[in-house]
Amino acid sequence: MTSLEKAKNIAKILDKKKAIDIIGIETKELTVMSDYFIIASGTSNTHVRALADEVDDEMKKLGVEVDHIEGRATGWILLDYNDVLVHVFQPESRQYYNIERLWNDAARVDLSDVLTED
């Protein structure tokens, strides 16, 4: 599975679990740490944890193991799939850290083929 396919699968999983404001950022030209970021929000701590757990479970079913998970007890959970980093935030934490602004130079990934319209 390519890193783009992995990123799109993750976005689709988050969408099915009702994540909010899912975006993809292509980072491969800007950093060696990953090819893509997927960023999404949950509505509560419980929802954020459920989103992260669902991504982990569903990606395992596709044969993709998470390398590392950080922040399970916070408003920001990071799942590290090496070439794809998944950031799941509570809205307040997402606004505070504003990763989208920090990576403003990065290209956005078109996820319209995997996300449902609201």
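The model is predicted, so local features need pLDDT of at least 70 and side-chain atom pairs count only at pLDDT 80 or more, while totals for chains, interfaces and linings use all residues. Residues are numbered from 1 along each chain as its sequence is written, and side-chain values use heavy atoms, with hydrogens and water left out.

Start with the helix α1. Helices and strands here are DSSP runs, numbered from the N terminus; a helix (H or I) has at least four residues and a strand (E) at least two. The expected span of a helix is 1.5 Å times one less than its number of residues. α1 has 14 residues, so it should span 20 Å. Its end C-alpha atoms are 20 Å apart, which agrees.

Which residues of α1 are buried? They are Ser3, Lys6, Ala7, Ile10, Ala11, Ile13, Leu14 and Asp15. Buried means under 20% relative accessible area, exposed means over 50%, and partly exposed lies in between, using a 1.4 Å probe and protein chains only. The cover over these buried residues includes β1 (20–26), β2, α2 and β5. After α1 comes Lys18, whose phi is positive, near 70°.

Next, look inside. A nonpolar core is a set of buried Ala, Val, Leu, Ile, Met, Phe, Trp, Tyr and Cys residues joined through side-chain atoms within 4.5 Å. The largest such core has 26 residues. Ile10, Leu14, Ile38, Leu79 and Tyr81 touch the most other members. At least two residues of this core come from each of α1, β2 (36–41), α2, β4 (76–80) and β5 (84–89). A second, separate core has 9 residues, among them Ile23, Ile39, Leu85 and Trp103.

Contact means heavy atoms within 4.5 Å. Leaving aside neighbours within four places in sequence, Tyr81 has contacts that include Lys6, Ile10, Val55, Met59 and Val86.

Now turn to the strands. Two strands pair if DSSP finds at least two bridges between them. Strand β3 (residues 68–70) and β4 run antiparallel, joined by 3 bridges. Ile69 has Leu79 in β4 as its bridge partner. These two strands, β3 and β4, form a hairpin with 5 residues between them. Gly71, in that turn, has a positive phi of about 85°.

β4 also pairs with β5, in the antiparallel sense, over 5 bridges. Here Trp76 has Phe89 in β5 as its bridge partner. β4 and β5 form a hairpin with 3 residues between them. Asn82 sits in the turn. Its phi is positive, near 65°, in a residue other than glycine. Most residues other than glycine have a negative phi. Asn82 is partly exposed, at 48% relative accessibility. Asp21 also has a positive phi, near 50°. Asp21 lies in strand β1 and is exposed, with a relative accessible area of 55%.

The aromatic rings come next. Rings of Phe, Tyr and Trp (its six-membered ring) pair if their centres lie within 6.5 Å; planes under 30 degrees apart count as stacked, over 60 as edge-to-face and the rest as tilted. The count comes to 4 aromatic pairs. In one of them, the ring centres of Trp76 and Tyr97 are 4.7 Å apart and the planes stand at 45°, so the pair is tilted. Trp76 is in strand β4 and Tyr97 in helix α3 (residues 91–97), 21 residues apart, and the pair links these distant parts of the chain. Both residues are partly exposed: Trp76 at 26% and Tyr97 at 37%. Trp76, Phe89, Tyr96 and Tyr97 form one aromatic cluster.

Finally, the charged pairs. A salt bridge is a side-chain nitrogen of Lys or Arg within 4 Å of a carboxyl oxygen of Asp or Glu. The whole structure has 5 salt bridges. One of them joins Asp113 to Lys8, with the closest N and O atoms 3.1 Å apart. Asp113 lies in the segment after β6 (107–109) and Lys8 in helix α1 (residues 3–16), so this pair ties together parts that are 105 residues apart in sequence. Asp113 is exposed, at 53%.

How are Glu58 and Lys61 placed in helix α2 (residues 45–61)? They are 3 residues apart, so about one helical turn separates them. Their side chains meet in a salt bridge at 3.0 Å, N to O. Glu58 is partly exposed at 24%, whereas Lys61 is exposed at 65%.

Arg94 and Glu100 form another salt bridge, with the closest N and O atoms 2.5 Å apart. Are these residues buried or exposed? Arg94 is buried at 8%, and Glu100 is buried at 16%.
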